[in-house]
Amino acid sequence: MYDDLNPGDRDVLLVIDPQNDFCPGGALAVAQGDEIMPLINRLAARFAHIIITQDWHPAGHSSFASTHPGMRPFETTTLSYGPQTLWPDHCVQGTTGAAFHPALAVPNAELILRKGFRSSVDSYSAFYENDRETPTGLAGYLRERRLARVYLVGLATDYCVQYSALDARREGFTAVVIKAACRAIDLQGSLAAAWQAMRQAGVATI
Ligand code: VGL
Ligand code: ZN
């Protein structure tokens, strides 16, 4: 698969949130989320540069429905920076749910970037938190390392993968989503909307 994909020195594989809570049996399970791990492993073996993100929330995080009395998962609330979808408690720092899926085998990753660790702000994107102005430092890291093209895989297509791909474009990087190595949550048409937004922003797909 993807035999014509020959990543070079300036290409990086960005593996988004390959964690237990996003896989079947997890707190915010994405259908067939676990199925992408073997493919990610095979792709990773070809890349010289790999970065993995890890959703990493403190207990009582503002994106958890349980933090807001009377609210339920998948409803939308308003936080200081605008609308925020509320989720089941997931990826709590140090828990098994927050750990990488056991089938992920990417020992050559050079950076593990944690996100969503501030109580009051969620972070779908690997580049910016959901207030859209607090950077994670990833753009600077990529520039300083002279990495120019980002290949994205992981969970979930319509949330963290999409936001990361859009921000990669916004920061001037080439962005390519490897579709077969992503799975979606798909809340109320969010997957179709995500593909359209990514296409409009110049995100390539293979
Ligand atoms: C994600 C919802 C909440 C994701 C993370 O990885 O797509 N989605 N936290
Ligand atoms: Zn999260």
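Across the whole structure, a search finds ten salt bridges. The model is a predicted one, and that should be kept in mind for every distance and angle given here.

One of these pairs is formed by aspartate 11 and arginine 149, whose side chains meet with an N to O distance of 2.8 Å. Because aspartate 11 belongs to strand β1 (residues 11-16) and arginine 149 to strand β6 (residues 149-155), the pair ties together parts that are 138 residues apart in sequence. The two partners can be described by their accessibility: aspartate 11 is buried, at 5% relative accessibility, whereas arginine 149 is partly exposed, with a relative accessible area of 32%.

Another salt bridge joins the side chains of aspartate 55 and lysine 115, at 3.1 Å from N to O. This pair, too, links distant parts of the chain, since aspartate 55 sits in strand β2 (residues 50-55) and lysine 115 in strand β5 (residues 111-115), 60 residues apart. Is lysine 115 buried or exposed? At 1% relative accessibility, lysine 115 counts as buried, and aspartate 55, at 3%, counts as buried as well.

Glutamate 129 and arginine 118 form a further salt bridge, in which the closest N and O atoms are 3.0 Å apart. Both residues lie in the loop between β5 and α2 (138-144), so the pair ties together parts that are eleven residues apart in sequence. Glutamate 129 counts as buried at 4% relative accessibility, while arginine 118, at 34%, counts as partly exposed. Salt bridges that share partners also join Asp17, Asp55 and Lys115 into one network. As a general point, side chains of opposite charge can pair when their charged atoms come close.

Which residues coordinate the zinc ion (ligand 2)? The zinc ion is held by Asp55 through OD, and by His57 and His90 through NE2, at 2.0 to 2.2 Å. The donor residues follow the spacing D-x1-H-x32-H in sequence. The angles among the four donor atoms run from 87 to 169 degrees, and the site of the zinc ion (ligand 2) is irregular. Of the coordinating residues, histidine 57 counts as buried at 0% relative accessibility, and aspartate 55 is buried with a relative accessible area of 3%.

From the backbone, an N or O atom of leucine 155 lies 3.2 Å from an oxygen atom of ligand 1. On its own ligand 1 has 260 Å² of accessible area, and the protein covers 100% of that area.

Alanine 156 is placed in the loop between β6 and α3 (157-170).

Aspartate 17 is found in the loop between β1 and α1 (37-44) and is buried, with a relative accessible area of 0%. Glutamine 32 lies in the loop between β1 and α1 and, although not a glycine, has a positive phi of about 60 degrees; with a relative accessible area of 42%, glutamine 32 is partly exposed.

Finally, glycine 82 has its place in strand β4 (residues 82-85) and is buried, with a relative accessible area of 13%. Glycine 82 and asparagine 130 are 48 residues apart in sequence, while their C-alpha atoms are 8.8 Å apart in space.

Definitions and conventions. Residues are numbered from 1 along each chain as its sequence is written. Chains are lettered from A and ligands numbered from 1 in the order in which they are written. This is a predicted model: local features need pLDDT of at least 70, side-chain atom pairs count only at pLDDT 80 or more; totals for chains, interfaces and linings use all residues. Side-chain values use heavy atoms; hydrogens and water are left out. Donors are N, O and S atoms within 2.8 Å of the metal (3.2 Å for Na, K and Ca); water is not among the atoms, so sites may look incomplete. Four donors count as tetrahedral if all angles lie between 85 and 135 degrees; four count as square planar and six as octahedral if opposite donors are over 155 degrees apart and all others between 65 and 115; anything else is irregular. Buried means under 20% relative accessible area, exposed over 50%, partly exposed in between (1.4 Å probe, protein chains only). A salt bridge is a side-chain nitrogen of Lys or Arg within 4 Å of a carboxyl oxygen of Asp or Glu. Helices (H or I, at least four residues) and strands (E, at least two) are DSSP runs, numbered from the N terminus. A polar contact is a pair of N or O atoms within 3.5 Å; within protein, one must be able to donate a hydrogen and the other to accept it, and residues adjacent in sequence count only if both atoms are side-chain atoms. Accessible areas come from the Shrake-Rupley method with a 1.4 Å probe; for residues, only the protein chains shown count as cover.
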